[in-house]
Amino acid sequence: MEFLANLLPAGLAHHAPALVIVIPLVAAAVAALMPNGRAGWAVAMVTASLVAFFALTVLGMVLTDGLISYHMGGWEPPYGIELRVDALNAVLLALVGVMGFLCVLFALPSCADDIEEDKRALFYSAFLVTLAGLLGVTISGDAFNVFVFLEISSISTYTIIAMGAGKDRRALTAAYNYLILGTIGATFFVIGVGFLYMATGSLNMADIAQILQQQGHNRVTQAAFAFIVVGLGLKAAMFPLHVWLPNAYAFAPNFVTAFLASTATKVAFYALIRFLFSVFHPDVAFVELSFTWIFAVLGVVAMFVCSFQAIFQTDARRLLAYSSVAQVGYMMLGLGMGTVLGLQAGLLHLINHSLMKGALFMALGAFALHYGVRHVRDLGGLGRTMPATATAFTVAGLSLVGVPLTVGFDSKWYLIIAALERGWWWAVAALILSSLLALIYVGRMIMTVWMEAAPAHRGQVSPPRRAPIMVYIPMGLLAFANIYFFFDASFLVMLSEAAANAAMGGR
Amino acid sequence: MLDIILERFNYIPIIILMMTGLYVVIATGNLVKRLVGLSLFQTSVFLLYITIGKVFGGQPPILDGAHHGDDEGGHGAGYGAAGYGEAGDHGEGHGDDYAAGDAGDHGEAVADAAEHASDYAHGADAAHHASEVLYSNPLPHVLILTAIVVGVATLAVGLALVVRIREAYGTIEDDGLNAADYNRETGGGE
């Protein structure tokens, strides 16, 4: 990782944590001024490349030199706002940066299809605000600042989801419902932060953690804990709080779904980990109780209930959306183990899941470009007309099930090892059984793609179609990553291990 | 029991507003009314933050050192401005500035006061002064200014969505929307 850390001159590298958020925020205004969609996309593309570059630099710096604390405006924390990057959020930052970059590549052909020309530049502007918000949540070390960035990303997310209305008006109601639930979640979170502020008099997360450790916990901090868990749980689509997600993913433009599925819930989940492990501590009795009785239990329930719901979906993207909630269940289970190994497995699954879902939604987007695919049955025979896309789809799908030779196997393997170490045999059984459920819903789609006759129009069999090159590049890279990281898992394992250790406070 | 409640009287309206707002969000089927409930819910949280900033007997967190400074002319304006610059940083600035302004007002030891203002070497009496002045906590207000902006933005996006929903569906009642979607899934498109 040394080479990443040394890419930038020292002066610029020092400000990299701030630039990661400032660049997309400023670029959002520039994109809004662009005369057409193509120029807007160019702005988004340049921004996303810069963000990915800076995010990787920050990751390199953190892995080589340790914690970065950037004082915004030169004010000393805890009075000023601190951008605090340790291995945990550096990994998330790099994930959001890279996935954002790949998704923007995919956006050019996909949005040309999904969104009216005159709205495209504004759409990219809203997307950049979302990106800035997500990066801000990841990098900020200030609890209230996290709320503000959470809302910056959420409010712009509502608008870009609603842009799906050009294809299906249900995108509007989906965005509205997400707005209501997302705002309730954010408000719960801010109530929790308020209670923490009452109890500690500080908003800096590291400072709060220290004060809590000294003065111990009381009813106020317990209330804060409950509010924060519910608030962030809503944003992260934790099991009983996930109702906004399936419709939002199903009716948003394809590009938005691919981007959100691989970043947004991940970032909210990161914030949850940050609060559970760094601000509160797993050693505290009520936090530990919540791990065993809330996160682990609800995680397992999510794995089953949402996998079942996925099996019975007819809409392909809705199916994958339910599967996403089930996959969040795996992460909750890993987190609920409360051990370094469990958290590491959960984080590894978080990274891997974003690789799989990114590739799957991009492949669905590529199918939709040519055949307007929405339902599972529309996928029939596309393996014959679009074999390359169908292959990427299959690889990512198998990875979702956790078949060996794909990264999905890695993270489930680590989850099982962590469960065994904790002595949770039932969790191992649940992991294997729910993977079988995943096999059913993924298998149904893959069989439809490969086994059925090629789509025909008025008796004429459709000729082979090629997806645009801008779809192939990100989709192919992600599908390749799904296989590559199985054979060379050390990189992702190293990242998740460093992240889990950072979350636990031992650097 | 009554004591406990009366001591925390400020929370009573907050809880009532919060629960009313949340109830409206859940209970109503009208999309605009639901946004009204949501705003109520958010506003109650603003109140929660504002009330925790109140310190009993505390003054508004505004420095009056600057006024004294203006009266004093050249010297005074100098340390008045310096006082403002320092104010945002930390509490000790208040004490120095206040003491300096005070001394200037009485017309004695002006040079001494200027020295105070310029290098902020504070003597025992300045520190004593600082402890006497009690200010309310301004931080929650600043936070809530931000939160209000967030609330306004949410409400604006929500209302814009309702307008678009009405254009697309011709209704803003939940029942009507569900019925329209259901008919389209089952009756229309196939």
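# Exercises on a two-chain predicted model

Pro78(A) sits in the loop between β1 (68–71) and β2 (82–85) of chain A. Helices (H or I, at least four residues) and strands (E, at least two) are DSSP runs, numbered from the N terminus. This is a predicted model: local features need pLDDT of at least 70, side-chain atom pairs count only at pLDDT 80 or more, and totals for chains, interfaces and linings use all residues. Residues are numbered from 1 along each chain as its sequence is written, and chains are lettered from A and ligands numbered from 1 in the order in which they are written.

## Exercise 1. Backbone exceptions

Find which residue Pro78(A) is joined to by a cis peptide bond. Then place Ala237(A) and Leu405(A), and state the phi of Ala237(A) and of Leu405(A).

*Solution.* 

Step 1. The partner is Pro77(A), and omega of the cis bond is about 5°.

Step 2. Ala237(A) is in the loop between α9 (219–236) and α10 (245–251) of chain A. Its phi is near 60°, a positive value in a residue other than glycine.

Step 3. Leu405(A) is in the loop between α16 (387–401) and α17 (407–422) of chain A. Leu405(A) is not a glycine, yet its phi is positive, about 80°.

Step 4. Most residues other than glycine have a negative phi, and most peptide bonds are trans.

Step 5. Now check burial. A residue is buried if 20 or more other C-beta atoms lie within 10 Å of its own, exposed if 12 or fewer, and partly exposed in between; C-beta atoms are placed from the backbone. Ala237(A) has 27 C-beta neighbours inside 10 Å, so it counts as buried. Leu405(A) has 13 other C-beta atoms within 10 Å, so it is partly exposed.

## Exercise 2. Chain A as a whole

Decide whether the radius of gyration of chain A agrees or disagrees with a compact globule.

*Solution.* 

Step 1. Take the rule: 2.2 Å times the number of residues to the power 0.38, with the radius taken over C-alpha atoms.

Step 2. For 507 residues the rule gives a value near 23 Å; chain A has 22 Å, which agrees.

Step 3. Chain A holds 20 helices and four strands. Of its 507 residues, 64% count as buried.

## Exercise 3. The nonpolar core

Name the residues that touch the most other members of the largest nonpolar core. Then list the contacts of Leu93(A).

*Solution.* 

Step 1. A nonpolar core is a set of buried Ala, Val, Leu, Ile, Met, Phe, Trp, Tyr and Cys residues joined through C-beta atoms within 7 Å.

Step 2. The largest core has 236 residues, and Val20(A), Val58(A), Leu93(A) and Ala175(A) touch the most other members. Helix α7 (residues 170–200) of chain A gives the most to this core, 20 residues.

Step 3. Two residues are in contact if their C-beta atoms, placed from the backbone, lie within 7 Å. Leaving out residues up to four places away in sequence, Leu93(A) touches Val20(A), Ala55(A), Val58(A), Leu59(A), Val85(A), Leu135(A), Thr138(A) and Ile139(A).

Step 4. In soluble globular proteins, nonpolar side chains tend to be buried together.

## Exercise 4. A helix pair

Work out how α13(A) and α14(A) are oriented to each other.

*Solution.* 

Step 1. Axes are lines fitted to C-alpha atoms, for helices over the stretch in contact, and angles run from 0 to 180 degrees between N-to-C directions. Helices α13 (residues 316–336) and α14 (residues 340–371) of chain A pack at about 170°, with axes 8 Å apart.

Step 2. Angles under 35 degrees count as roughly parallel, over 145 as roughly antiparallel, 65 to 115 as roughly perpendicular and the rest as oblique. The pair α13(A) and α14(A) is therefore roughly antiparallel.

Step 3. Residues of α13(A) in the contact include Leu320(A), Ser324(A) and Tyr330(A); those of α14(A) include Gly346(A), His353(A) and Phe361(A).

## Exercise 5. Chain B against chain A

Describe the side of chain B that touches chain A by element and by class.

*Solution.* 

Step 1. Chain B has ten helices and zero strands.

Step 2. Here 25 residues of chain B contact 23 residues of chain A. Elements of chain B giving two or more residues are α3 (31–52), α9 (139–169) and α10 (174–188). α9(B) gives the most, 13 residues.

Step 3. Ala, Val, Leu, Ile, Met, Phe, Trp, Tyr, Cys and Pro count as nonpolar, Asp, Glu, Lys and Arg as charged, and the others, Gly among them, as polar. This side of chain B has 18 nonpolar, four polar and three charged residues.
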